[in-house]
There are 2 protein chains.
Amino acid sequence: MLANVSTYLDQHADRFLAELTDFLRIPTVSADPACKPEMQRGAEFVHQQFTNLKMTSEIVSTAGHPIVYAESLQSPDAPTVLVYGHYDVQPPDPLDLWTTPPFEPTLRNGRIYARGATDDKGQVFTHIKSAEAWLRTVGTLPVNLKYVIEGEEEVGSNNLKTFLKENTSRLRCDVAVVSDTSQYAPNQPAITYGLRGILAVEVTVTGPTKDLHSGVFGGAVPNPAIGLAKMIASLHDHDWRVCIPGFYDDVRSVSDAEQHDFRNLDFDETAFQAGLGVTELCGEKGFTTLERRWTRPTCEVNGLFSGYTGAGPKTIVPSTATVKITCRLVPAQDPVQLTEALHQYLKKQCPPSLSFKFTSDHGCPAFVFDTTSPYVEAASNAICEAWGVDHVRMIREGGSIPVVQTFKEILGIDTLLLGWGQNTDNLHSPDEHFLVADFHRGIRASAALWGHLGAMRSGG
Amino acid sequence: MLANVSTYLDQHADRFLAELTDFLRIPTVSADPACKPEMQRGAEFVHQQFTNLKMTSEIVSTAGHPIVYAESLQSPDAPTVLVYGHYDVQPPDPLDLWTTPPFEPTLRNGRIYARGATDDKGQVFTHIKSAEAWLRTVGTLPVNLKYVIEGEEEVGSNNLKTFLKENTSRLRCDVAVVSDTSQYAPNQPAITYGLRGILAVEVTVTGPTKDLHSGVFGGAVPNPAIGLAKMIASLHDHDWRVCIPGFYDDVRSVSDAEQHDFRNLDFDETAFQAGLGVTELCGEKGFTTLERRWTRPTCEVNGLFSGYTGAGPKTIVPSTATVKITCRLVPAQDPVQLTEALHQYLKKQCPPSLSFKFTSDHGCPAFVFDTTSPYVEAASNAICEAWGVDHVRMIREGGSIPVVQTFKEILGIDTLLLGWGQNTDNLHSPDEHFLVADFHRGIRASAALWGHLGAMRSGG
């Protein structure tokens with residue numbers, strides 16, 4: 001990396017963190033309708049970052065939360081990189097499990113604690129600050145940069161596709177860069193070449209039209225909580241295999257070479273289990289924990305509610321019961337087809353005395369990246385430089401980043417998944433945090449990446 | 001009934017309703033810790049009613065909510081009647097299903113709508129106003145009256161037993177009167193001679209110590225929502241029989257005579273089903289709907305919650321899942337023994353990867369009243385007089401009134417269960433109401449009852 005870029009990063013490190021702190025203070029919970037004004041504030045914050053650098057930037061309205069689009073075009077010969085990230089965050093509840101409030105960022109033990117610290121405000125911010133370092137020192141960037149920072153990643157990116165489809169020529173680029181994954185372990189930075197897909201559904205079953213007295217009516221009327229429990233219980237067999245017909249039909253087995261690579265990663269199952277606080281790990285019979293997380297499909301209950309959930313007893317037969325379910329998918333499972341299979345299966349399992357309502361939310365297929373791409377080499381070099389390591393782990397992840405598949409589909413490009421945080425940073429949990437050193441190394445790796453990519457020819 | 005008592009009831013009917021309305025405005029939700037000051041206000045309101053009649057009255061502090069005790073002693077030769085009721089009410093949620101707010105009593109179609117309208121403020125109030133009618137006209141009562149009006153009926157009457165045990169001599173009486181049940185149907189008043197017992201438990205299972213990202217961790221860690229669903233699903237077999245070992249061991253079969261009586265009650269199953277809005281009724285195989293509600297034990301889920309319950313999706317593996325369960329019991333099931341049986345059964349069903357926490361709440365055995373008692377005749381006559389009917393239905397009910405068993409145990413007395421409302425009055429549901437005409441007939445029946453009982457000698 002150029003010396004003056006490197007020096008700039010050192011000199012402005014504290015300010016970068018202070019600005020991230022301001023970003024984290026905005027409660028951009030996209031799932032919560034009450035946060036709508038905060039979503040606008042979040043978009044404006046991002047937009048301001050770009051205009052401060054004199055980039056072309058605009059806040060694009062959508063049917064949902066706005067998208068911030070910015071670009072800095074240097075030369076038609078330089079490669080064009082599309083940076084994607086999101087300024088929305090997961091809901092912060094349960095609030096009482098946070099050590100400090102989720103939207104009052106706090107430094108402890110070299111980490112910054114706040115909802116969105118890693119997912120994704122902290123990570124996406126590195127790609128803005130790296131550009132700043134180039135522009136404020138060299139005056140230009142070695143690549144053309146285009147930024148798409150959306151506000152609906154945590155609720156299914158429902159309006160992103162429309163934006164991409166309506167702007168295919170403006171968004172033309174050579175490769176995408178996304179930092180919304182994790183390192184393999186502390187000081188073991190990684191490039192993630194595989195992701196699981198997802199489908200999300202919600203089912204509500206209804207018995208009586210209103211809650212009934214469980215003494216007066218109990219025993220003679222259908223109880224939706226019990227009916228729903230039986231439906232959920234039917235999702236997995238004793239070996240924790242998913243019972244939906246056809247669920248595994250399109251699942252490809254993992255190659256011997258890949259399995260070999262997985263075994264070479266020093267995965268400490270005991271430490272992993274201890275970190276989660278579970279008495280034992282469990283999952284689909286016949287697979288290791290890493291395989292279960294990276295290469296096997298799942299069917300998980302994310303939320304469940306029926307009847308009285310307050311303090312003390314309440315003697316009712318509830319009127320309704322609701323479950324939120326997501327399935328993680330692997331290549332080449334089809335989310336649309338499996339959503340319908342899940343629909344039909346649950347409908348069949350529903351006791352005839354209950355009415356059945358099924359809604360499906362977002363979905364996307366799994367993704368596996370071409371590891372022979374020259375972009376991977378550039379990214380690998382940049383990361384080694386920033387972290388001071390001699391190799392980068394090639395890993396898969398269990399999460400879903402639907403945008404990766406969308407970029408392939410609509411823009412025809414591959415995505416470099418470069419994670420700066422840890423999967424133990426409590427993403428989606430109370431006390432989410434980001435190691436400040438990882439934040440700064442992320443900025444440094446990003447700045448180096450622009451350099452390495454700039455040394456390639458466009459289309460390279 | 002004496003003519004001047006009857007005239008007084010007519011002349012003061014509107015004021016009685018106005019005073020009930022004031023009573024209903026106080027949100028005495030005993031399960032909600034935030035309502036503690038309102039509970040005190042509720043007790044003071046009741047106390048004031050008695051002091052207005054120059055009865056000896058006091059607000060008795062307990063470890064929980066206060067009990068109001070009042071008495072009007074006329075003569076050692078007259079029978080002594082203990083009136084029991086409760087000024088606490090069920091939680092009003094879900095609030096959005098109320099047509100008018102639960103604590104803003106509203107008259108519609110001859111009914112007063114409010115939480116507690118029938119259960120039990122409206123019904124217990126009849127026994128205060130009936131005493132008023134005697135005292136303001138005749139100047140004395142034909143019986144000795146003792147009132148115990150508690151504030152914890154909806155949360156298990158945890159402190160009532162202590163009060164009764166500490167006051168056995170003060171509470172000495174011949175019979176108890178409780179109006180916390182229902183008529184058999186509109187204009188078909190009834191004496192309830194059987195009640196089901198109850199046991200109440202709560203189970204929480206825990207997997208990871210906090211909510212986890214369902215992509216990063218899903219498939220490899222125990223999901224407590226799924227585990228709990230399997231536990232709940234194991235509670236009933238395909239014939240809706242409860243699977244807890246020994247659950248039916250002590251259940252007595254109902255006599256042929258009683259079954260015959262049940263069939264003679266004109267129970268309209270189609271109308272019953274339509275009123276509840278269910279597509280079909282269901283319950284333990286081999287029994288009618290009335291039998292399922294009155295004579296068979298149940299195991300119902302009253303509440304269920306795990307993970308994310310807000311709007312939109314949230315991709316987590318929840319940390320915990322909780323279920324609230326109550327079982328209704330019939331003679332001669334033992335709530336203590338069955339609570340332990342349920343505990344052991346659920347513990348055994350709990351997946352080994354989840355930690356298991358079991359808490360039990362209140363419980364009481366079922367109750368069947370001696371229908372040959374002369375008190376029943378007095379009550380029957382009083383009711384026929386107030387309702388203008390020629391006979392009173394003898395029924396059982398599926399609900400539990402633990403105090404009935406407690407009175408038998410501690411004070412050695414039987415209880416007349418005289419219900420003035422309907423079981424369709426939305427007890428424990430939104431839009432609880434009480435037919436104003438039933439309220440007034442209840443006062444009249446109560447006033448007549450004091451007369452009929454007064455014609456008996458003490459000791460029956």
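Predicted model: local features only at pLDDT ≥ 70, side-chain atom pairs only at ≥ 80, totals over all residues.
1. Overall build of chain A. Chain A contains 13 helices and 18 strands. Its radius of gyration is 23 Å, close to the 23 Å that the globule rule gives for 460 residues, so chain A is as compact as a globular protein of that length. Along the principal axes, the C-alpha atoms of chain A fill a box of roughly 80 × 50 × 45 Å.

2. Burial and contacts within chain A. Of the 460 residues of chain A, 56% count as buried. Contacts that join residues at least 24 apart make up 81% of those in chain A between residues at least 6 apart in sequence.

3. Domains of chain A. The domain assignment gives domain 1 as 3–195 + 366–454, and domain 2 as 197–251 + 297–363. Taken over C-alpha atoms, the centres of domain 1 and domain 2 of chain A are separated by 35 Å.

4. Where the domains meet. In chain A, eight residues of domain 1 are in contact with nine residues of domain 2. On the side of domain 1 that touches domain 2, three residues are nonpolar, five are polar and none is charged.

5. Strand pairing across the contact. Which strand of chain B pairs with S11(A)? The partner is strand S11 of chain B, residues 298–307, and the two run in the antiparallel sense over five bridges. In this pairing Phe305(A) stands opposite Phe305(B) in S11(B).

6. Relation of the two copies. Chain A is superposed on chain B by a rotation of 180° with 0.1 Å of shift along its axis, at an RMSD of 0.1 Å. That is the relation of a two-fold axis. Both copies use the same surface, as 100% of the contact residues of chain A recur in chain B.

Key. Residues numbered from 1 in each chain as written. Chains lettered and ligands numbered in written order. Pairing = 2+ DSSP bridges. Helix = DSSP H or I, 4+ residues; strand = E, 2+ residues; numbered from the N terminus. Domains from an automatic or database assignment. Contact = placed C-beta atoms within 7 Å. Nonpolar A, V, L, I, M, F, W, Y, C, P; charged D, E, K, R; others polar. Least-squares fit on C-alpha atoms with pLDDT ≥ 70 in both. Rg over C-alpha atoms; globule rule 2.2 N^0.38 Å. Buried ≥ 20, exposed ≤ 12 C-beta atoms within 10 Å, placed from the backbone.
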